[in-house]
Amino acid sequence: MKTDLGFTKEKFDGLLAWLDSNREVAGRKYEEIRSSLIKIFAWRKCGDAEGLADETINIVAHKVAHIKDTYEGKPKIYFYGVARKLIKECNKSRTLTIALEEAKSYDTWIDDESKEDLEREDVCLRHCLEQLSLPNRKLIFEYHEKEGQAKIDLRKEMAQRLGIDLNALRVRMYRIRTTLGKCIDRCMKLQQEK
Amino acid sequence: MSEASNDKVRIRRFLLEDLDEEERERVEELFLTDSDTRDLVLMAEDELIEEYLEGSLQGVDREKFRGVFVATPQLRRKVRIAQSLRSLTKADGSHLPTVAESSTQDRITPLLSKPFKSWTRRNLLVYASAAAAILVVLTVGVFWYADYRREQARRLTVERELAELNDPSRRSELPSDQVLSVVLSPVSARSTGSSITPRATDGILELLLLPEIAKAETYSVLIQRAGSDDEFAVPNLRLEDLPAGKAIRVRIPTRLLNRGLYRLRLNGVTPDGREVEINEYSFEVFR
């Protein structure tokens with residue numbers, strides 16, 4: 001069930017101030033909390049993960065004025081407390097959603113979105129790959145090039161060439177993928193607005 | 001086992017919904033509050049997707065993965081993008097043209113002299129039109145190719161799943177409430193095939209194909225839905241002694257089935273290695 005509490009500029013400013021006294025740092029924390037909440041709701045199979053993340057933030061923003069002087073602990077834990085309640089609500093209504101999802105055929109599970117969305121995704125992926133620095137672009141292509149044993153050997157060779165261990169290579173690839181993912185998100189939003 | 005690998009296992013179990021509620025909430029809280037945990041979970045998620053796409057994630061874990069990653073558009077998109085990235089990599093997309101490469105002509109044009117310029121302008125128009133046409137063809141080609149790759153990948157994934165499900169060495173008896181068994185006789189002038197209404201929830205449709213002749217070493221089945229280009233092959237099937245008689249058993253997850261008429265072509269591989277068409281079967285799915 002969605003709560004429409006209205007999200008005014010004052011409330012948003014109050015929320016940012018509670019997250020950090022430095023507005024820029026607070027903005028980054030806000031983005032991180034939002035994206036983490038979306039992931040949590042998605043792993044919980046709540047259909048509208050983005051909507052629920054926004055609703056969580058909305059509820060917290062409305063409570064900040066009352067709790068900021070008394071609440072002890074990390075603000076992020078408070079967000080999670082609110083999210084947990086929404087997860088419980090989502091679990092109650094999920095049975096129906098799952099039944100519908102499972103009734104879908106494979107045709108619709110991987111290509112569930114419209115053709116336009118898929119085309120946008122393709123365009124954005126290509127665009128964002130171009131935005132990566134050349135060395136990073138080469139790395140990400142090389143990293144995903146092979147399969148099975150050849151993949152393991154290639155990754156060992158890459159790590160050796162870069163003078164890092166395999167775990168550091170995994171982390172580096174994760175960072176590149178994160179950059180790519182953020183770029184694709186931005187690009188998709190822009191494309192949708194057009 | 002080290003603490004790090006314990007964490008890795010726990011995170012993996014978290015992503016596959018294999019933790020109890022309390023432990024799950026603990027991981028979620030850490031995911032939100034601790035940036036190291038966040039990175040570890042997201043890396044594990046990337047690796048699971050990679051394993052899924054390359055087919056090394058199998059059995060129960062594969063099913064659990066599907067259960068989670070089909071549920072929301074965000075996760076579906078992540079899988080799709082990883083799949084597209086893999087396709088581009090395999091197609092050697094590392095040579096994507098860069099903006100810098102394409103702007104060389106723009107820098108050269110202002111250096112041309114005036115009379116020469118008017119002559120070249122006409123030619124440039126011709127060349128530009130030709131280039132634009134080539135660009136349009138290329139763009140359409142790229143989209144067509146991306147569609148084609150996506151379709152190929154989808155078909156391969158379905159065929160891999162069908163092969164796994166029907167592999168005699170791995171096949172186990174399933175609980176009766178998960179399986180809908182249907183005996184199919186070959187299509188004849190008088191038969192119209194069977195009508196099937198799979199349950200809405202996930203299950204398995206088990207087709208028992210009764211062959212008219214049974215001289216092959218192994219069999220394969222080609223499944224096709226009328227009015228669709230989809231055609232999936234299931235290889236390495238064997239004739240089994242079943243309560244319904246000697247039959248070839250083919251299992252299909254019901255979620256792969258759409259409403260419509262399906263045709264199955266049973267081929268046999270003879271002892272001398274030849275593949276011959278044996279029988280055709282049909283069934284209709286209602287939802």
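Reply: Before we start, a disulfide here is a pair of cysteine sulfur atoms within 2.5 Å. This is a predicted model, where local features need pLDDT of at least 70, side-chain atom pairs count only at pLDDT 80 or more, and totals for chains, interfaces and linings use all residues. Residues are numbered from 1 along each chain as its sequence is written, chains are lettered from A and ligands numbered from 1 in the order in which they are written, and side-chain values use heavy atoms, leaving out hydrogens and water.

Me: Thanks! How many disulfides over all chains, then?
Reply: The count comes to three.

Me: What's the handedness of the Cys128(A) and Cys183(A) disulfide?
Reply: Left-handed, because the torsion about its S-S bond is about -85 degrees. Cys128(A) sits in helix α6 of chain A and Cys183(A) in helix α9, so the pair ties together parts 55 residues apart in sequence. Helices are DSSP runs (H or I, at least four residues), numbered from the N terminus.

Me: And is Cys128(A) buried or exposed?
Reply: Buried, at 1% relative accessibility; the term means under 20% relative accessible area, with exposed over 50% and partly exposed in between (1.4 Å probe, protein chains only). Cys183(A) is buried too, with 10%.

Me: Switching over: what does Cys46(A) pair with?
Reply: Cys90(A), with the sulfur atoms 2.0 Å apart. Cys46(A) is in the loop between α2 (23-43) and α3 (49-67), while Cys90(A) is in helix α4 (residues 75-103), 44 residues apart.

Me: Nice. What pattern do the disulfides of chain A follow?
Reply: Counting bonded cysteines along the chain, the pattern is 1-2, 3-6, 4-5.

Methods
Helices (H or I, at least four residues) and strands (E, at least two) are DSSP runs, numbered from the N terminus.
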